[in-house]
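Subject: Structure handover

Hello,

Here is the structure I promised you. Please open it first, then read my notes below.

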Amino acid sequence: MSEDTEAVDVIVVGAGLAGIACAYRLALAGRSVVLVERGTTAGSKNVSGGRLYTYALEAVEPGLTRAAPFERAVVREQIVMMDDDRSMTVSLAGPPAAAGDLPASVTVLRSRFDAWFADRAEAAGVMLATGIRVDSLLIEDGRVVGIMAGGEEMRAGVVVAADGVNSFLAREAGLVGELSAHAVGIGVKEVIALDAATIEDRFGVGPGEGAATLMLGCTAGVHGGAFLYTNSGSVSLGIVVSPDQMTASGTTTHGMLQALKAHPALRPLIAGGTTLEYAAHLVREDGWRGVPKRLARGGFLVTGEAAGFVLNLGYTVRGMDLALVSGVAAAEAIVAGGDLETAYRAALDRSGLPATMRAADGYADLMGIERLYRTYPGLVLDVVQSMFTVDARAPRPLRTQVRAAMRANHVPLRAVLRDGLVGVRSI
Amino acid sequence: MSVQPMSVPDLLGRDQFEVDEDEPHIVVDVRICATCADKPCVAVCPAQLYTLGADGALTFDHAGCLECGTCRVVCRAGGIVRWTYPRGTFGVNYRQG
Ligand SMILES: Cc1cc2nc3c(=O)[nH]c(=O)nc-3n(C[C@H](O)[C@H](O)[C@H](O)COP(=O)(O)OP(=O)(O)OC[C@H]3O[C@@H](n4cnc5c(N)ncnc54)[C@H](O)[C@@H]3O)c2cc1C
Ligand code: SF4
Ligand code: SF4
């Protein structure tokens, strides 16, 4: 058994954005912190689509965005509705308003970004221990007093589980149950190298600027969608789909992404590129409903995606910003002392995270509309295509065209009304 | 070179792995899998590590695992008898993320 003098104030498990933010803030507050990461470097196990909202970096430390190695500032938002060979793109250009002259969101590649962030935490005094997988918690008299890794124990006043979506530690602590297949999406992604000038040409952006593109209707009817983000010298292309529905769809996650690369809307955007990496990761999709009732117990708390702090709004995923913000709240709770659960809830409330997640609660119902993933994109494309079809005949009224498209897509009016009602109620 | 649809082995060839030969981090009991009707792991695994033989029997290989955990959440029949992350420093090493 180790001596008390060897114990540190806090052990943070997982050097993702939540864990690094938490450890960094604890070190800045003068606490002794060990940040344990199973990868050989921080970021070497981490995957995201790639858009990070900068307000969260500023919440960790003002000025952090400017110092961060982000890829591009997002100045163009695109939504693409597609079926097998057609597509319709809505493109919004012009940077959204943000505080000061900071971009509101930036694209990132986690391997580079997390490594930089962890370096910064180390410089502030965090002891980063990479290449170590935490195997279990050390629990004595109902209190978490440390961790076990590779047969050795390490003690701390508080253990923070920032171990991401599969969080085995939060489960061991009894705060969360088994992860259900309904609660997650599987993300499969390729990073494809393209030179900067080509990216700027194809996406209509300037140097240092980038685009965020979300695609609907490209998932063989499976609940989900696809994303395309521009990096400095590459693009991140991926799908996120419900694993539950894959078997019935008759395709595979790999096949779906490869089919997307060959789609006429996508092919010209990635032509000439070289795939650098193939990655996969789960992401929570159950929003506030997936956040456990209790976030802490004696000597232990859970933060980041391990605590379910992710919002999938369809047109954007917010896991990285919520990870940062919740990591900061976890640090504040530990510094405040007293009952961890109470202090953590108070810190989270101050950050605005619970209010943000509750406000988006209805999106789960919206995303649950099955027709959103194949039928409606096809229907919209049919209607728009018929609008643009001109020949010698007198054009049919739009309402007739809409009705014809609904018939062709086997969508009864009452289904549209019902889905519309769900949609309106949920947003 | 143009971006083409790529095979799984070709895609995995772009990644860096440190395969743990001594201690597989996922263990599958194929006798249990024989009783699993829909075998959802096959369609979801992005690395296609769960494959069906001509006789319909399942085989699994842990080398090339992207550590997503998807097989674990879809496996209801219990064929995955162990699922952990690889031991420290082993497994996939993302250089982009
Ligand atoms: C395909 C995809 C696209 C996404 N797109 C976006 C996006 O565009 N914008 C956005 O904001 N969010 C996005 N997200 C969500 C976002 O990536 C996550 O919510 C976020 O990274 C969670 O951060 P975290 O710090 O909680 O966990 P993670 O980043 O997962 O970090 C967990 C860390 O813990 C380590 N770890 C785990 N277990 C152990 C252990 N036992 N011992 C030691 N270390 C351990 C891991 O190696 C990892 O470093 C996306 C997710 C996916 C899968
Ligand atoms: S964890 Fe992911 S990549 Fe690994 S075997 Fe399971 S589904 Fe395949
Ligand atoms: S889902 Fe589980 S039990 Fe079924 S075949 Fe796959 S690993 Fe075996």
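Start with the shell around ligand 1. Its residues divide into 19 nonpolar, 11 polar and 10 charged. Keep in mind that this is a predicted model.

In total, 40 residues surround ligand 1. The closest are A:Glu37, A:Gly49, A:Arg51, A:Arg110 and A:Glu305. The ligand lies between chains A and B.

Which elements of chain A each supply at least two residues of this shell? The helices are α1 (17-28) and α10 (320-336). The strands are β2 (33-37), β13 (224-230), β15 (274-284) and β19 (317-318).

Now look at the oxygen atoms of ligand 1. One is 3.1 Å from a side-chain N or O atom of A:Asn46. For the side chain of A:Tyr229, the distance from an N or O atom to a ligand oxygen is 3.5 Å. A:Met320 uses its backbone: an N or O atom there lies 2.8 Å from an oxygen of ligand 1. How much of the ligand does the protein bury? Alone, ligand 1 exposes 1000 Å², and the protein buries 97% of that.

Next, go to two helices of chain A. Helix α14 (residues 375-388) packs against helix α15 (residues 398-408) at an angle of about 145°. Their axes are 9 Å apart. The crossing is right-handed. From α14(A), the contact uses A:Leu379, A:Asp382, A:Val383, A:Ser386 and A:Met387. From α15(A), it uses A:Leu398, A:Gln401, A:Val402, A:Ala405 and A:Met406. By class, that contact has 7 nonpolar, 2 polar and 1 charged residues.

Best wishes

Technical notes. Residues numbered from 1 in each chain as written. Chains lettered and ligands numbered in written order. Predicted model: local features only at pLDDT ≥ 70, side-chain atom pairs only at ≥ 80, totals over all residues. Heavy atoms only, no water. Axes fitted to C-alpha atoms, helices over the stretch in contact; angles between N-to-C directions. Helix = DSSP H or I, 4+ residues; strand = E, 2+ residues; numbered from the N terminus. Left-handed = near helix turned anticlockwise from the far one by under 90°. Contact = heavy atoms within 4.5 Å. Nonpolar A, V, L, I, M, F, W, Y, C, P; charged D, E, K, R; others polar. Near = heavy atom within 4 Å. Polar contact = N/O pair within 3.5 Å; in protein donor to acceptor, adjacent residues only side chain to side chain. Areas by Shrake-Rupley, 256 points an atom, 1.4 Å probe, with all protein chains shown as cover.
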